[in-house]
Amino acid sequence: MKNITCKDFLLKYYNNSNFVIIDLRNPKDFNNFHIPNSYNIPYQSFVSKYAYYLNHSNIYFLICEGGENSKKAASLLAKNNYNVINISDGIKSWKGPLIN
């Protein structure tokens, strides 16, 4: 499983459109603010239904509040041969644009 910090993600990937950002926080937190063009799949739903939501042709960046849930979810995806990168420091460290 690969890890990246918010800062490195912004520098290396943010302006590239060939990926999907999945925010694993609960819907209330997501609706308060989130990264533009990210998708909200709460962690509890994600773990049991990821195969329904995802396909193997995309690159997925996972983010949560502080990095723990995204780390667990990214590990699960990596074990199942998805192309996934964990944003290890979570949205609390995000310095890029947000939608409120």
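The following legends describe close-up views of a predicted model. Local features require pLDDT of at least 70 and side-chain atom pairs pLDDT 80 or more, whereas totals for chains, interfaces and linings use all residues. Residues are numbered from 1 along each chain as its sequence is written, and side-chain values use heavy atoms, without hydrogens and water.

View 1. Strand S2 (residues 20-23) is joined to S4 (residues 59-63) by four bridges, and Val20 has Tyr60 as its bridge partner in S4.

**View 2. Surroundings of Tyr60.** Tyr60 is among the residues that touch the most other members of the largest nonpolar core, which has 16 residues. Such a core is a set of buried Ala, Val, Leu, Ile, Met, Phe, Trp, Tyr and Cys residues joined through side-chain atoms within 4.5 Å; buried means under 20% relative accessible area, exposed over 50%, and partly exposed in between (1.4 Å probe, protein chains only).

**View 3. Aromatic rings around Phe9.** Rings of Phe, Tyr and Trp (its six-membered ring) pair if their centres lie within 6.5 Å; planes under 30 degrees apart are stacked, over 60 edge-to-face, and the rest tilted. Phe9 and Tyr13 are stacked, at 6.2 Å centre to centre and 20° between the planes. Phe9 and Trp94 form a tilted pair, at 5.8 Å and 45°; both residues are buried.

Methods. Pairing = 2+ DSSP bridges. Helix = DSSP H or I, 4+ residues; strand = E, 2+ residues; numbered from the N terminus.
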